[in-house]
Each structure stands twice: as structure tokens, then as C-alpha cells.
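Please examine the sequence and the structure below. The report then describes strands, their pairing and the helices that accompany them.

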Amino acid sequence: MKSVVFALLAAFARAAPSTGECCQSLAAVLPSIYHGPSAADYEELVTSRWSTTSMQHPGCVVTPCSARDMSVIVNLLATRQCQFAVKSGGHNPNPGFNNIDKGVSIDLRSLNSTSLARDRSYVSLGTGLSWGRAYAAFEKDKIAFTGGICEDVGVGGLAVGGGQSLFQAGMGWVVDNVIDYEVVLASGKIVHANQKNNSDLYKALKGGSTNFGIVTKVDLAAFDFDGMWGGQVFLALEGPQADRDRMIETISNTTVDFVADNHSDVDSGIQIVATYLRNGTKVVDIAMSNTANVANPPALQPFLKLPNQIANTNRHASLAELAHETSLAIPRGFRYVTASVTVTNDKETLLDFWKATDAVYDSLKVKDQIDWLVSVVPQPALQESWAEARGGNVLGLQNVKEDQLVLWLVSRWNDASLDSTMENARQQFIDAAVSAGKKHNTYSPFIYLNYASPKQDPLCGYGADNVAFMKKVAKKYDPTGVFQRLQPGGFKLNHAQCA
């Protein structure tokens, strides 16, 4: 049996065309959306990424304007065995995840449609939209929906990766609010996946990422919304009212207490970001929000009273405005690494986590050339209760009873010669966070996919049953493994090394 498989793989390798041949075929079939290296907009298409670590040089770029365009593209690439990458917002910094050297880049930017259902119960979004543009499109209608926290994150990647949002405690993950996916399969067939049609694919897409097809549009549950209250409080980590140790302990205790009580006010949310800048400045940014538009709600009072305050931007604002403000903390144009570890919401774990990851930072000899950002993102148990009503998801959190915290590293620098140094620091961060969790028996195997390092295995963190389910779905809808073999970027089922 193995000899047959190896013979088939060898045949595929011999038959594989050059990048030039793949691009020539696309140019002939779809000239109006084809962009070769000599095109005036090629460079902008290739470099339009959040992180410069994801800059690569595809043989050509195509910008489909419809699911029909995507069908033609996928059919051609699959038939000719051409490698490709797919870019939505381009916010993932992992090399090769939204770009490709040689090969074909599929840029979703022209899939930017927005529409509101007549009964206002859902919105339809093209997956090439950014969340900031999506929010702004419906402000006049006084409508909102769950979506990304930063404005320049793409709809496409978040809608199949899980999806942190400002509405998380009260409405669950973004994927739990998707009503319908429009998907182009490996065959080129355009299908809809929802609770009635292709329900297995629908569930698998909710966290299963790029393993099943290319999503061209999503319908998201919507609700009336006329603004919110929120912003950021910036704190000096060292003085004048409290020293570093007291600040870390106070912020940690306040965070854990808030998450434990988040069920009593699901409209309020927080996200903590500790930022150590290359100029020596160390600040803690507490992003807070109340989606019911209640100013200074009781649940957030402990954060509003923290010492060492430098600035407070909280006010009544639109969802788009707050998504823009959040994005300012992690601007485009730097080199980034990212990694994610999940632990139970526990004070001792969080305190040991800060000590351990500070030790990683302190060991770096290039602190004057990097910005070290570590974020704590609440994951209240309540948010998992929203999945079942729409057919479940594959995140593997349905039986988690404890509140959790996602610990996220998102460090940046400019000099490419520091890449290996920062990749090593990322692994040390992961090891430190995992060690803190295991020390207190609070470590969770769940890894938030959209924040994961390329060396982590988030699909395995969903659990053996979900991995087996996703593999079954992938085999059904992509029997020849087009999205496993020809789209190498992202977390692939055939590469999942689950213990």
C-alpha cells in the first residue's frame, strides 16, 4: 500500500507545473483580476500585510471579485497542481500563512460586499473585508455583530479561527455567531454550510481554519446597536504611587476577580497588555469596554481606580472607533512573533506567569531593539455556552467549566537579523507560560489558533474527537487533499502531531 502512495506522490511531483505555467493559465482565463510581477499594483498586493515577517514573493496574484471567480481559480489550481496562499486581512505574522514564495497568492480584497438582512437579523460580509470597515458599514443602520477587536484584522481568517470579540462573554466566539458560510470547495463547487445544509462542514469550519475550502462570504447574527462605552487606561508599571511588584500583584488580582465575576455583567470586558518599549518605558494598557453603553460600570471600577494612571481614553464611541484605537497598540510595518497559551483563571498562576515571562525578557540582549508585548485575554466559561445553539464548534471547550485566560505574546522589532533571536524568545515564552500553568495544575491544552506560533499545534488542542471529526470532514469535501498539499500555509490536519 505504501509503495502505491509513494508512486502517486512521485507522479504528482513529476506532473507539477512551474509557477510560471500556473500564472500563465490564470492570466489567460481571468485577465481582469490577474496581477503579474510587472503589474503596477503587484508590489502593493504582495506587501499589504500587517507584519513584515509575512512578506514573500508569489509568482502572481489574483483578486477574485466573486465566488464564481474563486471557483474558476481553485478548479484551475487543483487541476494543474499549483501551490497557493490565501490572504484576507493579512494580519497573521507567521511566514507563509497568508503569502507564498513563488506559487499563486489569492488576495480576497475585492470580496468586500456588505448587506443587511431585511429583518435586520444578520449581516452578510465578504471575507476580504477588514472588521473596521465592516463595523463602519453598518453604523448608519445602528447594527452591530461579533467581530475582531482590531480594525485591520480580516473577516476571513477570524471567521474560521475562533474569533475573540468585545461581545465574547455575552455572545460567545465569533464562529458561534456565524449563520452561514459560502465556501468554494477543492472541486470548484460553491456550497453553503449552515445548520441545515452541509452541517458537518459548517461545524468543522468553526475553528478548523484553512483545511476544507475557501470561504468567500459569511452571514453573521446581528443586533441593534447604538454605540458603546470604552477605551483604554494606561498605567506606569513603576511609580509614582506604586512600585512594580505591587502593580503586577494588583493588576493580576483585579483581572482574576473580574473574570470570575464576568457572568454578572456580560456587557463589560477587558484586555490587559503589558508593553516594554525599546526606549525603556514600561506601561500596562487596560482596554475596557461596555457594549451596553453604560459609562464607568461597577464591574470596571476596580480597573478605573488602579494607581499610576498616565491616561484614560474611555468615552462613548462607536464600535469602529474603538477597534481603530485598539489597533494603534500593534501597528503595521514591524516584524512580529506571536504565541498563545491558555490557563485557568487563577491568581497564583498569573503572578508566576508574569515572573517567568519577565525573566525571558530580561535575558534578552537586544532589549534596546525590540518592543515586548504580553497580553492577558479573558475567556470566561460562560462564552462556551453559546456554541450549542448553532450546531457547536470544534474548539473543544464545550465541557470546560472553569474561567480561563489566554496568554498572548506579540513582540515586534525592525531588524531582520533579529528574527532567530525573537523566535527563540517566543519559544521561551511558551515554555514559561506552560510551566506556570502546569505548576499550579491550571494548564489547558487549548491554543487559540489565531494567536498561535507556527511551531504550536492548536488543532490538537481541540481534542482527539474533534481532530478525528475534522479529518473525516476534510476527506469528504476535499478527497484529494488540495487544501492539505497545495495550500501549505496555516495549521494543517495532515501535519497535526497529536499525542
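This is a predicted model: local features need pLDDT of at least 70, side-chain atom pairs count only at pLDDT 80 or more; totals for chains, interfaces and linings use all residues.

Residues are numbered from 1 along each chain as its sequence is written, and side-chain values use heavy atoms, with hydrogens and water left out.

Helices (H or I, at least four residues) and strands (E, at least two) are DSSP runs, numbered from the N terminus. Two strands pair if DSSP finds at least two bridges between them.

| Strands | Sense | Bridges | Bridge partners |
|---|---|---|---|
| β3 (residues 84–87) and β4 (residues 104–107) | parallel | 4 bridges | V86 and I106 |
| β5 (114–116) and β6 (residues 122–126) | antiparallel | 3 bridges | S115 and S124 |

In a regular strand the side chains alternate between the two faces of the sheet. In β3, F84 and V86 lie on one side and A85 and K87 on the other, and all are buried (under 20% relative accessible area, 1.4 Å probe, protein chains only).

An open sheet of 5 strands has the order β5-β6-β10-β8-β9, with antiparallel pairing. Because β5 and β9 (190–193) at the edges each have a single partner strand, one side of each lacks a neighbour in the sheet. Neighbouring strands of this sheet are turned by 15° against each other on average, direction ignored.

Helix α4 (residues 67–80) packs on the sheet and touches β8 (178–184), β9 and β10 (214–221); contact means heavy atoms within 4.5 Å. The direction of α4 makes about 45° with that of β8, where axes are lines fitted to C-alpha atoms, for helices over the stretch in contact, and angles run from 0 to 180 degrees between N-to-C directions. Helix α8 (residues 199–208) lies across β8, β9 and β10 and runs at about 95° to β8.

Methods
Buried means under 20% relative accessible area, exposed over 50%, partly exposed in between (1.4 Å probe, protein chains only).
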